[in-house]
Amino acid sequence: MDNFELYIYTYEKTYRIAERFLRFAFIDNKNKNRPFATIKNQITKWLYVYTKENYTNILDTKYTEPFELFSKKAQYYEMETELEEIKCILENEIQEYFATTNNNIKDFIFSVAIHKALQEIYNIFSTTSPFFKLVYNQKKYKYIQFKKLKNTSYQTLTIYEKMMDIEYPYRIIEREIQNPKAEITTTKIDKIKNNLTHKKRQLFDFTEDDGIAYLITNYFNKTRKP
């Protein structure tokens, strides 16, 4: 596995771990009847502190120069995608820097890939809270997919529209009323309401993954403190 492949592998794995961690946290807190606002604040605060203490600080101090190169990659390369810029900066300037030091480039790549992913995940979770509130309220944990929300307006997603219809049934009734071809009857409206009530009770299975134990333990140890 070369340096760029290591970066991609670590970056993608961090996303997968974060998704499993959030599912576990949502399930645990939902079972305790905690409101979404509480769990959202806990997770955003924890993600910020965890990233800063375990990765940002290390990159700023131990890997100051290569981290600065990585952060300024767009000033060195103008490519179609950020990923192409990352590949170029890793294989050239950063590779050249580590060739002159005793530091391990793979340790740096591991840290910078996790840092990059966690920063993105923090931003996604923080800026799409209406989406995650619906996921939490309706227990639709299978919709926790950060990659689908990256660089996308969550309001345009089909799964968001489906959850909004369940949360606010009048939306479906309004669409029926506004449809000139629809035949609106009291029976039809009652049927829509009954179907939505049934959907709200639906649960999705989730199996904990041992691979996220270290994140889960760290998180819950901190949130248990008074």
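## Crossing of α2 and α7

The axes of helix α2 (residues 36–61) and helix α7 (residues 129–138) come within 10 Å of each other and cross at roughly 125 degrees. Axes here are lines fitted to C-alpha atoms, for helices over the stretch in contact, with angles from 0 to 180 degrees between N-to-C directions. The angle therefore makes α2 oblique to α7 (under 35 degrees is roughly parallel, over 145 roughly antiparallel, 65 to 115 roughly perpendicular, and the rest oblique). Phe36, Ile39 and Lys40 of α2 make the contact with Ser129, Phe132, Lys133, Tyr136 and Asn137 of α7, where contact means heavy atoms within 4.5 Å.

## Basis of the model

This is a predicted model, in which local features need pLDDT of at least 70 and side-chain atom pairs count only at pLDDT 80 or more, while totals for chains, interfaces and linings use all residues. Residues are numbered from 1 along each chain as its sequence is written, and side-chain values use heavy atoms, leaving out hydrogens and water.

## Overall make-up

The protein chain has 12 helices and zero strands; helices are DSSP runs (H or I) of at least four residues and strands (E) of at least two, numbered from the N terminus. Of its 226 residues, 42% count as buried, meaning under 20% relative accessible area with a 1.4 Å probe, protein chains only.

## Glu19

Glu19 lies in helix α1 (residues 3–31). Glu19 is buried yet has no salt bridge (a side-chain nitrogen of Lys or Arg within 4 Å of a carboxyl oxygen of Asp or Glu). Arg23, the nearest side chain of opposite charge, is 4.3 Å away. Leaving aside neighbours within four places in sequence, Glu19 is in contact with Ile144, Gln145, Phe146 and Lys147.

Conventions. Buried means under 20% relative accessible area, exposed over 50%, partly exposed in between (1.4 Å probe, protein chains only). Lys and Arg count as positive and Asp and Glu as negative; His and the chain ends are not counted.
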